[in-house]
Amino acid sequence: MWHTFLRNGGARLRVSRPELVLIGITMLWGATFLIIHVAMAHSGPLFFVGIRFVVAGLIGAVVFWRALRGITRHEIAAGAGIGVSIFVGYGLQTVGLQTITASQSAFITALYVPMVPLLQWVLLRRAPGAMTLVGVAFAFAGLVLLAGPDAGLGGLSTGETVTLLSAVACAVEIVLISRFAGTVDARRVTVVQVAVAGLLSLAMMPVAGEQVPGFSWVWLAAGVGLGAASILIQLAMNWAQRSVSATRATVIYAGEPVWGGIIGRLAGERLPGLAILGAVLIVAGVLVSELRPRGPEAGGPPAPGAGEGADREHLEAR
């Protein structure tokens, strides 16, 4: 495995290939806010999420049809559980984007950053390492600044409330992927989870009173394009989180609004000074979470159980 090492004052910075893949995922995620915002002018949220993930499931089924013949009940159950969390998270976030700004959505959704280590602690009995918590704190503070002063949580509107619930679902998704990644075939589970998310979205349309929109090349192109991206993203997440812990992955995912800001800048938007400072803090959070203090003895290896390394070993042993 290729690694980049940076030694400074007894600390080591290590970025693995799976972590680089997760960074690439955040770049793709950063572009989706603009795409979804445009598509919502031509489609309802459940229809769009449904088309997006059904397309992803069909692509995955065609590509991995040989692997699907060996699917197990455990993999179906794991994929279904992750799929439900994807449906709730993406569905509610898309609903929220109809009535709140992208800045508000980014801030509220970012609450999944501190939620993941807490959920992991409660559900999986894995206490996060000290440096990971420091990195999460840096990243969350950066997300607050990136969102700007108007993204407060006082007096939540309906759009803000559903977006907050989507953040909880995003945290659950990351924890579930981490929980099952070492016990399933990533290809089979990926197909199941995106298919479940898409079918649930379409099935909920009558319940929510949402109608099938008139044909538009905008929602078609956006849905198919994001569907293809979704299958690649979910497959990459399942593969990468076999060796990248949930808390470390979460800090990397926190870079999503940074890339969203870059995409927005290319589209004509300008980041204010506080937002730029927030982006710097997010990057700092990623770096801090990677620092591994040495053990009690000078020059010795990290102490057992120190930081996120012990969490990674526990994940790989499952």
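Contacts between residues 24 or more positions apart make up 87% of the chain's contacts with a separation of 6 or more, where contact means heavy atoms within 4.5 Å. The model is predicted, so local features need pLDDT of at least 70 and side-chain atom pairs count only at pLDDT 80 or more, while totals for chains, interfaces and linings use all residues. Residues are numbered from 1 along each chain as its sequence is written, and side-chain values use heavy atoms, with hydrogens and water left out.

### The chain as a whole

The chain holds 15 helices and two strands. Helices (H or I, at least four residues) and strands (E, at least two) are DSSP runs, numbered from the N terminus.

Axes are lines fitted to C-alpha atoms, for helices over the stretch in contact, and angles run from 0 to 180 degrees between N-to-C directions.

| Helix pair | Axis separation | Angle |
|---|---|---|
| α4 (residues 73-96) and α9 (residues 186-203) | 7 Å apart | about 45° |
| α6 (residues 112-124) and α8 (residues 158-180) | within 9 Å | roughly 50° |
| α1 (residues 17-39) and α11 (residues 217-240) | within 10 Å | roughly 160° |

Angles under 35 degrees count as roughly parallel, over 145 as roughly antiparallel, 65 to 115 as roughly perpendicular and the rest as oblique. A crossing is left-handed if the near helix is turned anticlockwise from the far one by less than a right angle, and right-handed if clockwise. For residue classes, Ala, Val, Leu, Ile, Met, Phe, Trp, Tyr, Cys and Pro count as nonpolar, Asp, Glu, Lys and Arg as charged, and the others, Gly among them, as polar.

Helices α4 and α9 pack at an angle of about 45°, which means that α4 is oblique to α9. Their crossing is right-handed. On the α4 side the contact is made by Glu 75, Ile 76, Gly 79, Ala 80, Ile 82, Gly 83, Val 84, Ile 86 and Phe 87, and on the α9 side by Arg 188, Val 189, Val 192, Gln 193, Val 196, Ala 197, Leu 200 and Ser 201. By class, this contact of α4 with α9 has eleven nonpolar, four polar and two charged residues.

The axes of α6 and α8 cross at roughly 50°, so α6 is oblique to α8. Helix α6 passes α8 in a right-handed crossing. Helix α6 contributes Tyr 112, Met 115, Val 116, Leu 119, Gln 120 and Leu 124 to the contact, and α8 contributes Leu 164, Ala 167, Val 168, Cys 170, Ala 171, Val 172, Ile 174, Val 175 and Arg 179. The classes in the contact of α6 with α8 are 13 nonpolar, one polar and one charged.

For α1 and α11 the angle is roughly 160°, and the two helices are therefore roughly antiparallel to each other. The crossing of α1 and α11 is left-handed. Among the α1 residues that meet α11 are Arg 17, Pro 18, Leu 28, Trp 29 and Thr 32, and the α11 residues include Val 218, Leu 226, Met 237 and Trp 239. The contact of α1 with α11 has 18 nonpolar, one polar and one charged residues.

### Individual residues

Glu 173 lies in helix α8 and is buried, with a relative accessible area of 5%. Apart from neighbours within four places in sequence, Glu 173 is in contact with Ile 82, Ser 85, Ile 86, Tyr 90, Gln 234 and Met 237.

Val 95, in helix α4, is partly exposed at a relative accessible area of 29%. Not counting residues up to four places away in sequence, Val 95 touches Pro 45 and Val 162.

Leu 118 belongs to helix α6 and is exposed, with a relative accessible area of 53%. Pro 206, in helix α10 (residues 205-208), is exposed at 65% relative accessible area.

Definitions and conventions. Buried < 20%, exposed > 50% of the residue type's maximum accessible area, 1.4 Å probe, protein only.
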